Amino acid sequence: MNQQQGLNPSFVVVGAGLAGSLLALALARRGGSVWLVGSVYPSATALSYGSLPASALSSWRQLEQWHGPLGLQRSRLVLHGWPGPLRLLPVWLQALPTAPFPFARVDAPTLAAALPGALERAGVSRWQGTVSRIEPRPGGGCWAIGGDGDPIGAGSAGGASGRPSVAPQLVLAAGAANRNLWPDLPERLRYSWAGVIELDPSALDREQRHDPWLQQVLQGRIVQPLRLRRPPLEAGAASLLGERWIVDAGLALSGDRILMGQITLVGPHPDPGLPPDPATMEARLRAGLQELDPQLASLPGTYRQVPVSFCLGGSPLAGPVDKAPGLWMFSGFSGAFAVVPSLAESLADRLVGAVERQ
Ligand SMILES: Cc1cc2nc3c(=O)[nH]c(=O)nc-3n(C[C@H](O)[C@H](O)[C@H](O)COP(=O)(O)OP(=O)(O)OC[C@H]3O[C@@H](n4cnc5c(N)ncnc54)[C@H](O)[C@@H]3O)c2cc1C
């Protein structure tokens, strides 16, 4: 596209999680010269269940056609928390109502392992450092400032220093770190802390592995409550007086591990604040799991937590940042794995359009 018109658009995307990586791929497919800054770890993406409704399957199939396998796998949803005596039925019977409906998952470790190759094949340049802040750039646009205090892209075109050349359009896709990098972001961008216990099935004994809920997950299914408590907690974040947490007892495969979660902690402030005490969070999570299955609650595993961005009102931030020419946002999703592939395509169109209008 742009090469034919003699333009050489340049984009810097900060954050190499799901959002930044898929946006970088979408920009590269449009012929853009793209730098992706950061690595996938640590990120919400790397700890995600990656569950996908059937409606999102086609966009991931399309991505895999363009870029090769990215971890898309068929799955089924198994719901628990049925009303009344139904909840006492054997687990295999509780799994039946949703068994006919197609569901899918993107395996997070497979995605993390596949992305570097996909990005390289697409021609996306990488800079695996950390951005310390974003600053307005003399002459317009913004700089991403590296950990050494130098503007990323300040070098001569071509980046002799191994850093990106001048970037007219800079996209913040740094998940929970966005507000640290550019504090003047809309207050509806919020963060929750999400925690899971990672189980190694090979470390469990025979009896532990025969837990009926674990058996569902070991067949590639995702276990979730019928009514998730996280969405209403997040929706009411602005009116909270202090921190609140809930547990949505669930299980999903993640590579050769099982993630058992999920605890969500939300505060009244628009930034994630300091990490909550992991031991307290793990104890709360295990207490929540106890309600589903006492044996699950006592399984040995490693507790992990990450901040996850979301937006009040549900719509993510995917567009230009107010009063900051050349700076864009791509963050704050609900159902990120379902919505990011198509949103990345439409945002890439807008970014390319902005460059072409310059
Ligand atoms: C336990 C759990 C289960 C989940 N389950 C699901 C699910 O089933 N389905 C679903 O759709 N969603 C799920 N989610 C949510 C989903 O994972 C996130 O919404 C999504 O991954 C967010 O992607 P992101 O790219 O915006 O942010 P992240 O994945 O957090 O990526 C941000 C990136 O920015 C980088 N970064 C941060 N600061 C800097 C900096 N200064 N310089 C450079 N890079 C930086 C980070 O290292 C990271 O790579 C789950 C999340 C968790 C934690």
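Of the 40 residues around the ligand, Gly15, Gly17, Gly38, Gly175 and Ala177 come nearest. Keep in mind as you read that this is a predicted model. The shell around the ligand draws on both domain 1 and domain 2, so the ligand lies between them.

**Around the ligand**

- Which elements give two or more residues to the shell around the ligand? They are α1, β12 (189-199), β15 (257-266), β16 (302-311) and α11 (336-357).
- By residue class, the shell holds 24 nonpolar and 16 polar residues, and no charged ones.

- Where the domains meet, 21 residues of domain 1 are in contact with 19 residues of domain 2.
- On the domain 1 side of this contact, α4 (108-122) and α5 (178-181) each supply at least two residues.
- Helix α4 gives the most to that side, with 3 residues.
- The residues on the side of domain 1 that touches domain 2 comprise 10 nonpolar, 9 polar and 2 charged.

- Why can strand β1 (residues 10-14) be called largely enclosed by the rest of the structure? The reason is burial: 5 of the 5 residues of β1 are buried, so the rest of the structure largely encloses this strand.
- Both faces of β1 are covered, with Ser10, Val12 and Val14 buried on one side and Phe11 and Val13 buried on the other.
- With strand β2 (residues 33-37), β1 pairs in the parallel sense over 5 bridges, and within that pairing Val12 has Trp35 as its bridge partner.
- β1 also pairs in the parallel sense with strand β11 (residues 169-172), this time over 4 bridges; here Val13 stands opposite Val171.
- What kind of unit do β1, helix α1 (residues 18-29) and β2 make? Together they form a right-handed β-α-β unit.
- Helix α1 of that unit is also one of the elements that give two or more residues to the shell around the ligand.

Technical notes: Residues numbered from 1 in each chain as written. Predicted model: local features only at pLDDT ≥ 70, side-chain atom pairs only at ≥ 80, totals over all residues. Buried ≥ 20, exposed ≤ 12 C-beta atoms within 10 Å, placed from the backbone. Pairing = 2+ DSSP bridges. Right-handed = clockwise from strand over helix to strand, strands pointing away. Near = placed C-beta within 6 Å. Nonpolar A, V, L, I, M, F, W, Y, C, P; charged D, E, K, R; others polar. Domains from an automatic or database assignment. Contact = placed C-beta atoms within 7 Å.
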